[in-house]
Amino acid sequence: MLIRRSPGIPPSEVTPKHLYLNRRSFLAGLPLAGAAFAAGSARAGTKLNGIAKSPFSTTEKVTPSNDVTHYNNYYEFGTGKEQPAGLAQKLKTSPWTVKVEGAVNKPQVFDIDAIMKMAPLEERIYRHRCVERWSIVVPWIGFPLNELIKKVEPTAKAKFVAFQTVFDPGIMLSERAAGIQLPYVEGLRMDEAMHPLAILCVGMYGEDLPKQDGAPVRLVVPWKYGFKSIKSIVKIKFVEKQPPTTWNITNAHEYGFYSNVNPEVDHPRWSQASERRLGEFFMRKTLMFNGYGDQVAQLYSGMDLRKYY
Amino acid sequence: MPLKRILSSRWLKVAVFALCLVPVLLLVWKAFNGGLGANPIEFITHATGDWTLRFLCITLSITPLRKLLRLPELVRFRRMLGLFGFFYGCLHFLTWLVVDKFFDWNEILKDVVKRPYITAGFTGFVLLIPLAVTSTTGWIRRMGGKRWQMLHRLIYVTACAGVVHYYWLVKSDIRLPVFYGAIVAVLLAYRLVVSLVKSRKPLPRATGAAAGEPTAS
Ligand code: HEM
């Protein structure tokens, strides 16, 4: 029964995409699960050139890109893991703008091209740990979020940064179906946002971002649970008070504002001590701050991480 | 009546048996063909959990169907369907035991006690064990129809526990657990109504089942 799918099967050899995209609805045999989706054409991403390597990259084995593009949490495009790979293709990612506003001296609207050229692009191979106890290793491409922050010159009032995902009810699930309030919102404390590990991500695996992975621009905060790394950003606002965040609104008891990866603080419904790295058979131990403790632990010195989960 | 003939045929029983094996065969096939997606263990856990719950619902619908459609022959399939529910439950439980916990009894105990959704699933599963053990005709005889029937009403608890288990484990999209909850509710409500009607006007002896045929679930 418990057969591991050998990693490294070339994408051309696995089941055709439309077949396995369908399999949940097939198994479920229910109209509810059988949402229609755009035919999943093989992705031909745009190659990104001149990408610098980064000392922050891990040397761990990178997860096959096919897994990272077909195992997504993007509730606006389906609450199953395979649905976003199909449904998210409806999202129009160009033209695209990101509005930056709030407590800043230079509020402005950035075109996606301006963002792509804002700072030298780097490859950051990060561990990515989902709150649901699975993890992947992804070669993201982007630049430190603090580059954008410096450009807009936050004022003394800017204590937090609030992010917002695009919301298009015409192509997305309703709030009721998704079970979360939309648009999706996230937030960071200012010092977290300034941390060099936090990046604005515009690509992965050498190419621009696939839609289901948060195209055209997303956040990646590797020491926090995946849901903090908000996708398809259209608005960034600098604020004085801690902003509302989607999963915290949904269930404050289970998902805190900080949501740092922490093997010692369990989710109320499951232990966070271990995780399944996609492609591995058995669970592995989860690391404090997802293994980025050396870099980020000082951000939280003196804080009770049980209280501020 | 041809339908009744078909329902009584040996071959139909074999066919239903084969059909019940399809979900597990499909899983095996997919396992060998890279069809289990990026997280095969989760896929197996979910598929087997889904089929456990589905078989519980199917088993519970036999009695209402055979009464409402006046097809007493349907009862021939009930034991087999119930045992398939138990079979998929075992696969589901074993996936968790072996791959998630790798026989770490300390962790297992902690999970069962501390995680309400595991507590519910575990309760539901454990309650199925005596039912599977006593599913043979020999046990019906040994226990007597009445007591056997009482015992096998535990499947009501398992079905409810299964739904609660499902409801508690989803993160936000509760549509499917609610859907199964509604099915189980209807199936149990049917029994409640029947027993209320019966207790209102106690007919002379031969109501319910034909003598000797236990009718639990
Ligand atoms: C009769 C008993 C049970 C029934 C009917 C049942 C049913 C289900 C169903 C329907 C699901 C969700 C599948 C999906 O999302 O598609 C599920 C998931 C799960 N069940 Fe069960 N289950 C039972 C017993 C158990 C037991 C005994 C355990 C372990 C002790 C268990 C552990 C799990 C786990 C770990 C998941 C996956 C949770 C996740 O994805 O986070 N279940 N079960």
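**Briefing: the contact between chain A and chain B**

Four salt bridges are found by the rule across the interface of chain A and chain B. The model is a predicted one. This briefing treats the interface and then a pair of helices within chain B.

**Extent of the interface**
- On one side, 41 residues of chain A take part, and they are in contact with 43 residues of chain B.
- About 3800 Å² of area is buried between chain A and chain B, and carbon and sulfur atoms give 59% of this area.

**Polar and charged links**
- In one salt bridge, the side chain of Arg133(A) meets that of Asp100(B), with an N to O distance of 2.8 Å.
- Between chain A and chain B, 11 residue pairs are in polar contact, counting pairs in which both residues are at pLDDT 80 or more.

**The side of chain A that touches chain B**
- Helices H2 (23–28), H7 (175–178) and H9 (246–250) of chain A each supply at least two residues of this side.
- H2(A) gives the largest share, five residues.
- By class, this side of chain A has 23 nonpolar, eight polar and 10 charged residues.

**Two helices within chain B**
- Two packed helices are described by the angle between their axes and by the distance between those axes.
- In chain B, the axes of helix H3 (residues 40–68) and helix H9 (residues 154–169) come within 10 Å and cross at roughly 145°.
- The crossing of H3(B) past H9(B) is left-handed.
- Residues of H3(B), including Leu53(B), Leu56(B) and Leu60(B), meet residues of H9(B), among them Ile155(B), Ala159(B) and Val163(B).
- The contact of H3(B) with H9(B) comprises eight nonpolar, three polar and one charged residues.

How values were computed
Residues are numbered from 1 along each chain as its sequence is written. Chains are lettered from A and ligands numbered from 1 in the order in which they are written. This is a predicted model: local features need pLDDT of at least 70, side-chain atom pairs count only at pLDDT 80 or more; totals for chains, interfaces and linings use all residues. Side-chain values use heavy atoms; hydrogens and water are left out. Contact means heavy atoms within 4.5 Å. Buried area is the accessible area (1.4 Å probe) that two parts lose on being put together, summed over both. A polar contact is a pair of N or O atoms within 3.5 Å; within protein, one must be able to donate a hydrogen and the other to accept it, and residues adjacent in sequence count only if both atoms are side-chain atoms. Helices (H or I, at least four residues) and strands (E, at least two) are DSSP runs, numbered from the N terminus. Ala, Val, Leu, Ile, Met, Phe, Trp, Tyr, Cys and Pro count as nonpolar, Asp, Glu, Lys and Arg as charged, and the others, Gly among them, as polar. Axes are lines fitted to C-alpha atoms, for helices over the stretch in contact, and angles run from 0 to 180 degrees between N-to-C directions. A crossing is left-handed if the near helix is turned anticlockwise from the far one by less than a right angle, and right-handed if clockwise.
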